[in-house]
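Hello,

Here is the structure I promised to hand over. Please open it first, then read on for what was found.

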Amino acid sequence: MYMAENTPTIYQGLDGVYITESKICKVDGTLGRLYYRGYSIDVLAQNSSFEEVSYLLLYGKLPNKMELESFENELNSERDIPDGVKNIIREMAKKADPMETLRTAVSALVISDAEVKDNSPAANLRKMVKLISKISTIVAQIGRLRAGKDFIPPAKNIGHVENFLYMLNGKAADAKLVKFINTMFILQAEHSSNASTFATLVTGSTLADIYSAVTSGISALKGPLHGGADEEALRMMLAIGNPDNTETYINEALAGKQKIMGFGHRVYKAYDPRAKVLKTWLVDIDKTSNGKVKDLIQIALRAEKLMVERLGQSHGIWPNVDFFTGPLYTWAGIPIELFTPLFAAARISGWCAHMLEYWEHNKLFRPLEYYTGPINLDYVPLDKR
Ligand code: CMC
């Protein structure tokens, strides 16, 4: 729609603006519900696997047994990463933030893909399978190098998440840990037109390839107002240190007009349903935890209670998916600087699904700015200024 330039309505941060139609994800911000392709997130988190959810997002339906097996095999066969990408990871892992290493390594995956410039749906799907599979390998290898260990080649006949944990830790993970990381991957796989998905779409809308589009998505996810909030939330809990300090810390932070990371959302004005799933995990893990993990869980639960009382109903500021991640990932043995890279390893499926859908009716993103500066200024030559 074209509007006369003298009376524009400006939607700062595109707040409230619809950018496209989509059949992928419904975020009901009023009721606090989330659906992938019509399936409620609670049901998927309880029953599904990351592979099945990725298939659902990409293909628009749940796979039957054969379709799932074939998709799993495709992912399985794409786990290795090229030597050139390994070299980049070796060079960067300890010198750069893991999100920076991930961004560069994912961009470099083009070196082993002859189809980069083929923008047909079939080629794009093949590239997307590669991306979904290889991002987890890259994250695991970044984690290993940062821990002073060497690469572990991917295993072949185990699930995607199981293999991620195997590559990261060098040993088989127990069933509860695999279930939890699968749950995290499912919860973080997709979320409509969030900043990183939008960034992906903006780049893709120029008909740049999927690697370029996803590299934009990773860049946008990095920031603390988006995916980076999970790391900041844990840093706050670590700064609180002792559960008994929680109330004082939060009260002082709010009095100082500080934002509490892991709370608030542009769309949810109710409890984020993903945070509800994670709270259930937190309460369960609390029963058997001790030491640092127990303290972090207690801090998280006390902070959540206080924030909900202070800002929940009155301001529509509730916990989001990033709040409970810290204590849970600490229990799971995931180091803090891998939280956001793991978020990317999950969100890759949503980015790809949206890109596929958007390319069906591509339209270049090109919004307007309302210019408020001067015009027709006299140009004064350099030596006269
Ligand atoms: N703690 C305290 N106050 C808050 C918070 C918070 N976490 N979030 C929003 N507010 C206040 C904010 O200070 C402002 O108050 P005032 O009107 O008095 O200036 C008001 O609420 C509106 O905030 P806003 O930032 O203008 O609103 P937004 O719609 O742009 O906010 C948000 C969305 C996610 C950027 C914001 O809630 C925030 O910064 N939260 C903390 C970061 C975070 O947890 N991000 C993860 C989002 S969910 C997962 C993901 O996308 O990765």
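I start with a pair of side chains. Ser196 and His226 make a side-chain polar contact at 2.9 Å. This, like everything below, comes from a predicted model.

Ser196 sits in helix H9. Is Ser196 buried or exposed? Its relative accessibility is 0%, so Ser196 counts as buried. Setting aside neighbours within four places in sequence, Ser196 is in contact with Gly217, Ala220, Leu221, His226, Arg347 and Trp351. Arg347 is 151 residues away along the chain, yet the two C-alpha atoms are separated by 8.9 Å.

A polar side-chain atom of His226 lies 2.8 Å from a ligand oxygen atom. For Arg266, a polar side-chain atom lies 2.9 Å from a ligand oxygen. How much of the ligand does the protein bury? The ligand taken alone exposes 920 Å², and the protein buries 66% of that.

There are 19 residues around the ligand. Those that come nearest are His226, Lys259, Ile260, Gly262 and Phe263. By type, the shell divides into nine nonpolar, seven polar and three charged residues.

**Around H9**

Ser193 is in the loop between H8 and helix H9 (195-204). Ser193 counts as partly exposed, because its relative accessibility is 43%. Apart from neighbours within four places in sequence, Ser193 is in contact with Ile19 and Phe198. Thr20 is 173 residues from Ser193 in sequence, but their C-alpha atoms are 9.1 Å apart in space.

Leu207 is exposed, because its relative accessible area is 52% and the cut-off is over 50%. Leu207 is not a glycine, but has a positive phi of about 70 degrees.

Arg37 also has a positive phi without being a glycine, with a value near 50 degrees. Look for Arg37 in the loop between strand E2 (33-36) and strand E3 (39-40).

H15 is mostly covered, with seven of its eight residues buried. These are Thr325, Gly326, Pro327, Leu328, Tyr329, Thr330 and Ala332. The buried residues of H15 pack against H8, H11, helix H13 (273-286), H14 and H16. Gly333 follows H15, and its phi is positive, near 80 degrees.

Thr340 lies in helix H16. Why does Thr340 count as buried? Its relative accessibility is 2%, and buried means under 20%. Leaving out neighbours within four places in sequence, Thr340 is in contact with Met99, Leu221, Lys222, Gly227, Gly228, Asp230 and Glu231.

Thr101 is in helix H5 (residues 98-108). Thr101 is buried, with a relative accessible area of 0%. Not counting residues up to four places away in sequence, Thr101 touches Ile89, Met92, Ala93, Ala96 and Ile142.

If you look at one place only, take His226. Its side chain has a polar contact with that of Ser196, and one of its polar side-chain atoms lies 2.8 Å from a ligand oxygen.

Best wishes

Conventions
Residues numbered from 1 in each chain as written. Heavy atoms only, no water. Near = heavy atom within 4 Å. Polar contact = N/O pair within 3.5 Å; in protein donor to acceptor, adjacent residues only side chain to side chain. Areas by Shrake-Rupley, 256 points an atom, 1.4 Å probe, with all protein chains shown as cover. Nonpolar A, V, L, I, M, F, W, Y, C, P; charged D, E, K, R; others polar. Helix = DSSP H or I, 4+ residues; strand = E, 2+ residues; numbered from the N terminus. Buried < 20%, exposed > 50% of the residue type's maximum accessible area, 1.4 Å probe, protein only. Contact = heavy atoms within 4.5 Å.
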